[in-house]
Every structure is written in C-alpha cells, then in structure tokens.
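Let's take a walk through this structure together, one stop at a time.

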There are 2 protein chains.
Amino acid sequence: MKEFLNIGIVGLGQRGTFMLRDTILPQKDVNVVAVCDVYEDRCEDIARLIEESGRPRPKTAQDYHEILKMDEVDAILVTSAWEAHLDITCDAMEAGKIVGFEVGGAYSIEDCWRLIRTYEKTGVPCSMLENCCYGRNELMMLNMARMGAFGEIVHCEGGYCHDLRDEISYGRENRHYRFRNYLNRCCDNYPTHDLGPIANILDINHGNRMLSLVSMASKARGLHSYIMDKEGAGYDAATFDFAQGDVVTTIIKCAHGETIQLTLDTTLPRAYSRRLQVSGTKGMYQEDNQSIFLDGRENEFHDDWYKRWNNIEEYREEFDHPIWKQFIKDGVNGGHGGLDWLLFRAFVDAAKEGKGAPVDVYDAVTWMSISVLTEQSIAMGGMPVAIPDFTNGKWIERPKWEP
Amino acid sequence: MKEFLNIGIVGLGQRGTFMLRDTILPQKDVNVVAVCDVYEDRCEDIARLIEESGRPRPKTAQDYHEILKMDEVDAILVTSAWEAHLDITCDAMEAGKIVGFEVGGAYSIEDCWRLIRTYEKTGVPCSMLENCCYGRNELMMLNMARMGAFGEIVHCEGGYCHDLRDEISYGRENRHYRFRNYLNRCCDNYPTHDLGPIANILDINHGNRMLSLVSMASKARGLHSYIMDKEGAGYDAATFDFAQGDVVTTIIKCAHGETIQLTLDTTLPRAYSRRLQVSGTKGMYQEDNQSIFLDGRENEFHDDWYKRWNNIEEYREEFDHPIWKQFIKDGVNGGHGGLDWLLFRAFVDAAKEGKGAPVDVYDAVTWMSISVLTEQSIAMGGMPVAIPDFTNGKWIERPKWEP
C-alpha cells in the first residue's frame, strides 16, 4: 500500500475548488501534484490556493493530456464540465491512472459502454465520486433496509431539488456548463445524487436491476421568469428558449417489482431536498418531513388525527449507520456536512491499495444513463424506454454495495 | 327555491353512515325520506339512527329503483360501492332526480361517456361530491394560485396515501367493495381526492386540459404481509394474489405544459397524506411538511443551511380562502374537519334551486377516467395513454371552477 497518494485534478470550477479547499487539502496522505483547467486564470488561482496552504506549488496545465503523462501522478480527479467527464476518465484509464470522476448524467448510451469497455480492457480502478451515497440519512436508510426495518421494500422516491436559477442564468459569465445544457437539453440531467442511494438500498446491479422508465417534463418557465426579474427584457438570455423543463418526473420499474420515482426540480424557487422516500411492508421514511413511520412502533399523533409520524432523530441511536456513528465520534469534517470527506477517504484508501471505490463503473453508468433515457422518453411523449444491463447479466450475482 | 330538500340515500355502508350522522342529519333544510341498501340490516340500522335523531322514519328499500319512483324524493345521494355509482346516477337522472354521487374511479371510458350522454339528454343536475375540493389547504392553494402568489404554475403533485390495510383485508367480512377491487384490478383506483383540487388549481376543463398520462405500479406485497401478520397462513386470503400494486405512480401532461404527479399508496404502513404540492415560477407549497416557500419573502432557515421553509400557518391570514375564513368564523362543523359540511351545503344550496354543484359531470368523469387510463398504461408497461376530452372542445371557454 502506498503511503501517499499523488493526485492530479482536472477541472477547477466551483466544484473542484470547493472540494480541494474543504476536503482534499486537509488530508495528510494526499499530495496535489498537478492541476488542470482550460482557463489559465483558474489554474493560477488554484495553484496559489495550494501554495498558501503550505504545500508545494503543483504543475499547472490547460491540456489534461499533459498531466496524464506525468509519472508522479497516481490518480486523476475529474471535476470538469459534465460533457468532458467520460472523455477525461477514459483517457486517464488508458494512461494507467486511477480515476475518480465527479457526478453528472450521460449524453449517450454508447458513451456509457465506452467507459465499461475501457475499464474492462485496461483494468485500471475507476469510480464515480457520488458523495450522497455517504449522506447520513441515506446511509441510515441503507442500514435500516438491510436490517429489515422497512420489511420488504416496494417503492422508493428521490429528487434533485435545488434552486439553481442564479448559477444557471449567469452560467456564461461564470463559465458554468449548466447554461448550455439547460438551453439545449431536456432530461433528468443530474440523477445520481438521488438515484445512487436508492440504487444501493434496492441492490440495483447487486441482485436487482432497473428494467425500464417513463419520464415527462413540465414546461420551462423558471429561468425566463428569473432572468426577466433580475435583468429585464433587454438582457439577451431573456429571449432564449430554454429546452430544459422546470420539473422532470420519472418512474423506473425494477426487476423485482419495485418502482422508483425521481424528480429533477432546479429552476424554480424552493428549499433544497433530495426527497428520499423508502416505502416497505413494515414502514417508511420520508425526507421532506424528516419522518419515519414503522408499523407497530409508537407513532406520534401530530396536527390532525391522521398524521402520525416520528421524527428521524428518535431512531438515530437504533439505526444510524456504523460509519456515521464513528464519523461523529471522530468529529465530522469536510464539505457538504461530511459527505465529501467520507467519499474522498473511501476513494483515497482504496486508491492507495490500487483499488477503486466507492462507485464502480457498472453502477456509475447505470445511474448516469438515466439522463439519456429520460431525454428519449420525454422526446417521445413519455414512452417507456428500456434500461440497458451494463453488467451483461452479472448483476444477479454481484455482492451488495458497501460504503 | 325549495324550502326543504328531500333526499334519498342509496348505499348505507361506512361512508353513507358517517355522512348521514355527522353532516346530513344536522341540516335543518334537508329531510332524509328514503334509504336504500342491498343489505336489509344496514337499512334497518340507518332507519333507526334517523328515528333516534328525532326525524321521521324514512322509507327503506333494497332496490334503489323503488326510491327513484317516489315523487317526494327531490335528490338522490349515491354512497354505494364504486362499481354501482354510475348505474345508479344515470338511472336517477333518467327518473328526473337531482344526483350527488360519491367519489371513486371509473371502470371504462364508455361508462364516463354514458354519464355525459345521460346528463346532456335529461338535463338533470348531477354532481360528484368531492369533499377534498373543500379542504382548507386545497382551497388556500386555489386562492393563492388565482392571486398569482406562485407565479406561473408549472407542476403539481398529489396523492391518496392512506393505510387501508385493515379495511381492505377484512373487506369480505365488512362487505367492503375495496377487497374485490384490490384482488382484481391494478390502477390508481381513487384519483379524485388528490387530482380534483389540483385540476381546479390548473383550470383543467376550464381553459386547460389533461392530454396524456403514464403510470407504473409497484409489486403488491402490503396486503399479504399484513394478513400473514394478523391471521397467519391458515387464513384463505393469505394465499390470494392481490392484483393491486402497493404504490401506483402516475404522470399527467396538460395542454398548457404543466405536469401533474399522482401517487396511490393505500396498502403499506404510513401516515395519511394527500401530498399536495404546487410549484410555480414564484413559489411552492408542499403538504408533507406543511410549508410554503415564496420567492423574495422571508424564508426561514431550518436544520440545515439549505432547508428554508415557512410554515403554512404564517400565511393563513394572507391567503386563507374566503370560504374558510367565513367557515371558521361560523364555527367549523361536520365530518372530515369540515370538508363534508362545505361540500354538502354547496350541493344542497344548489339542489334547492334546481341546480348542480359542486363538481359537474364533465369534471367528474375527467377525474374518474384516470383509474381506467392508469390501468391501461400499467398493463402496457407504462405506455402513454391519451386522456379523452369529455367536454368535446368546450374546455377552452368554460369559466373557472368556483367552490
């Protein structure tokens, strides 16, 4: 096992910067030896940030191929624009670099298969860095599911519900890829934050499989309304016709008969939620009211006679995931309430042993493919679309995912 | 205008009894002159209940045609099993009786058209008694929508989420129609409680229209699990193969680009919810956390940095529907937290003037048809299904619904 992991970071926008500052730099066993972005000023800013933290200045590059050629780089972190994730990831595997790539949706099914082929050809460890798989509530639900607290699970829900109107509307000024995506595509463009934890709970690709989906999108009004309010009709984007519907709703059917309902809601005013819901024969969890309802347990009566819920906090002691119990004992660290820390430690610990973690390429492309498939279903008026089996049948025997 | 409304009630199960006791008998201008049920004991129980309230004993009948022949009956209330609603309703209209029929889903599109044809031929006032259209929160949301508080509404959600395992499992013993329906059908069998208020908010059939839907059902495990727990494997129904999936999820697309997401969840442990959500360019409402989020208003920060919600109670003064402001001032009466009272008063006041209210036949069958159409979509793996225009084009000009 390596004592230190030397990494190169490709993509230095908002996510790369945030991840570096709050989660990567505090790690004693990780050296950032190279950073890359197509924009030179971003490279400079990040190089300075690293130097100011007392670390050596990294090599900077505007072409990521330069970094892939560096012998001293053990692993590549891909925090680029969505469209470039798989190009960079495949090239890094071809160069023999362990890869951790940020979340996003896929643009074609062929691109998903390319990742699988490249992984199977090179054998280089490659993982998607899905931090929400380490969410405290998400892991608690996984723990409860495995303990049988919900009985047989028949239905799950999730969503990526995040008011991103400011980020998207000013995406050109801020060089953010969401602007061009929202202008041109209509799909569930960001499915993994919500679907990933649900897929773990339902053992998708690990004894279960997603078979098909249907998806519909509402009209697109949120961005136009926001831009008109902020900038008025004179601003060019006020006349742009955004393709991305404000709310995209998707239903997925699984091999063992479960349904999954997903929502993307990113261009309307609202509070953030990943909307996790788990429904089984013995109980349910619902994130939007932070409540657990278990059959036969004391369920409180609230407001109306028919509203009986217990707050999730009453069940922490009993069901919190062991990883989080330990994490809290150690003192929670890192960005996004600790998610990034747990995620990145899983990646680093595996990479130092020459392994991959946390989300392998089969799970990664299965989750990412939802963007392509919802785009197809929406375009065809909600037609059911088959979800490919990216494991080629191995899903039946693959062991359960562990955080 | 009539001083008194003489009614006959057809169907004396749980709903008929509850409605009579809590909502109908207290009305000073309503006389129950006839009651009918295929079970003689139910007729006797209800006749006794009416006598004990100090009113004259009604005529009892096991065949509703006898009641339709009574000259002194002005109006018929249909609170029978779902399957008989439209038969009784159409026969009553043919007999010249004003009709109010209870909620439920349709079994065929032809049956929906039959109601329309019978209404258009006879001209007899006929309404569906959808009490949830009078829910305080539902009417507040209608009021907010019409005031423009949500901006342009792009998406709504709703559900009928009610743990009915006991009622359904013992449906044969209790002579409840749900048992046979759950054994034989798989669809959103009860769409109007959630869809009705949403349809009013989105002006469905009053300037807008539902165009198509897709629907998927989870596996059916809740009833079997419940029956096994309660009765064990020796009870015959423990071996029955219930057709009704535990959770049915539906997405509807509207003529003006809005989407509606509906959930039926009635055979799993959970707290009751109609899950109303309204999402627009300026704000949203979510029933499951009783919260309103309006753009530019002071939104509170709760729990996590990203959870900003205001409780609905903070907006009551500003947005409560005038009908509810008055109702609270008068002292709320009747069953289901006042819903039944407001509903029944609307019916009685209209019927005394020879008119129909609250939900006309066009809206009624449009909402009821969702049961048929989800059944079709589910059977075809989630295929999109077209929603008929039961108004034959008149939806474009029909004036907005008013409670």
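What follows goes from the way the chains pair up, through the cores, to a few local details.

Before we start, keep in mind that this is a predicted model. Let's begin with the two copies, chains A and B. Two copies of a chain are related by a rotation about an axis and a shift along it. Here, a rotation of 180 degrees with 0.0 Å of shift along its axis puts chain A on chain B, with an RMSD of 0.0 Å. That is how a two-fold axis relates copies. As for the interface, 98% of the interface residues of chain A are also interface residues in chain B, so the copies meet through the same surface.

Now look inside. In soluble globular proteins, nonpolar side chains tend to be buried together. The largest nonpolar core in this model has 127 residues, and those with the most contacts inside it are Ile7(B), Ile24(B), Phe101(B) and Met141(B). Which helix gives the most to this core? That is α14 of chain B, residues 361-379, with ten residues. There is also a second, separate core of 125 residues, with Ile67(A), Tyr182(A), Phe242(A) and Leu343(A) among its members.

Stay with helix α14 of chain B for a moment and find Met368(B), which lies in it. Leaving out residues up to four places away in sequence, Met368(B) touches Leu86(B), Phe101(B), Gly104(B), Gly105(B), Ala106(B), Met128(B) and Thr192(B).

Next, go to Met141(B), one of the core residues with the most contacts. Again leaving out residues up to four places away in sequence, Met141(B) touches Phe150(B), Ile201(B), Leu276(B), Val278(B), Tyr285(B), Ile292(B) and Ile312(B). Met141(B) is also among the buried residues of helix α6 of chain B. That helix covers residues 136-147, twelve in number, and reaches 16 Å from its first C-alpha to its last, close to the 16 Å expected at 1.5 Å a residue. Is α6(B) mostly covered or mostly open? Mostly covered: nine of its twelve residues are buried, including Asn137(B), Glu138(B) and Asn143(B). Just after α6(B), Gly148(B) takes a positive phi of about 85 degrees.

Time for some rings. Over all chains, the structure holds 26 aromatic pairs. One of them joins Trp82(A) and Tyr177(A), which are tilted, with 5.1 Å from centre to centre and 55 degrees between the planes. This pair links distant parts of the chain, 95 residues apart: Trp82(A) is in the loop between β4 and α4 of chain A, and Tyr177(A) is in the loop between α7 and α8 of chain A. Trp82(A) is buried, with 4% relative accessible area, and Tyr177(A) counts as buried at 17%. For an edge-to-face pair, turn to Phe179(B) and Phe242(B), at 5.7 Å centre to centre and 85 degrees between the planes. Phe179(B) lies in helix α8 of chain B and Phe242(B) in the loop between α10 and β9 of chain B, so the pair ties together parts that are 63 residues apart in sequence.

Back in chain A, Trp82(A) and Tyr177(A) belong to one aromatic cluster along with Tyr160(A), Tyr190(A) and Tyr272(A). The charged end of Arg178(A) sits over the ring of Tyr190(A), 4.8 Å from its centre. In chain B, Arg175(B) lies over the face of Tyr39(B), at 4.1 Å from the ring centre.

Let's finish with the backbone. Arg175(B), in the loop between α7 and α8 of chain B, has a phi near 55 degrees, a positive value in a residue other than glycine. Arg175(B) is partly exposed, with a relative accessible area of 33%. Asp203(B) has a positive phi too, near 60 degrees, but Asp203(B) is buried at 15%. Finally, look for the cis peptide bonds: one runs from Ala357(A) to Pro358(A), with omega near 5 degrees, and another joins Ala357(B) and Pro358(B), with omega about 5 degrees. Pro358(B) lies in the loop between α13 and α14 of chain B.

Definitions and conventions: Residues numbered from 1 in each chain as written. Chains lettered and ligands numbered in written order. Predicted model: local features only at pLDDT ≥ 70, side-chain atom pairs only at ≥ 80, totals over all residues. Heavy atoms only, no water. Core = buried A, V, L, I, M, F, W, Y, C linked by side-chain atoms within 4.5 Å. Buried < 20%, exposed > 50% of the residue type's maximum accessible area, 1.4 Å probe, protein only. Helix = DSSP H or I, 4+ residues; strand = E, 2+ residues; numbered from the N terminus. Contact = heavy atoms within 4.5 Å. Expected span 1.5 Å × (residues − 1). Least-squares fit on C-alpha atoms with pLDDT ≥ 70 in both. Phe/Tyr/Trp six-rings, centres within 6.5 Å; stacked < 30°, edge-to-face > 60°. Lys NZ or Arg CZ within 6 Å of the ring centre and 35° of its normal.
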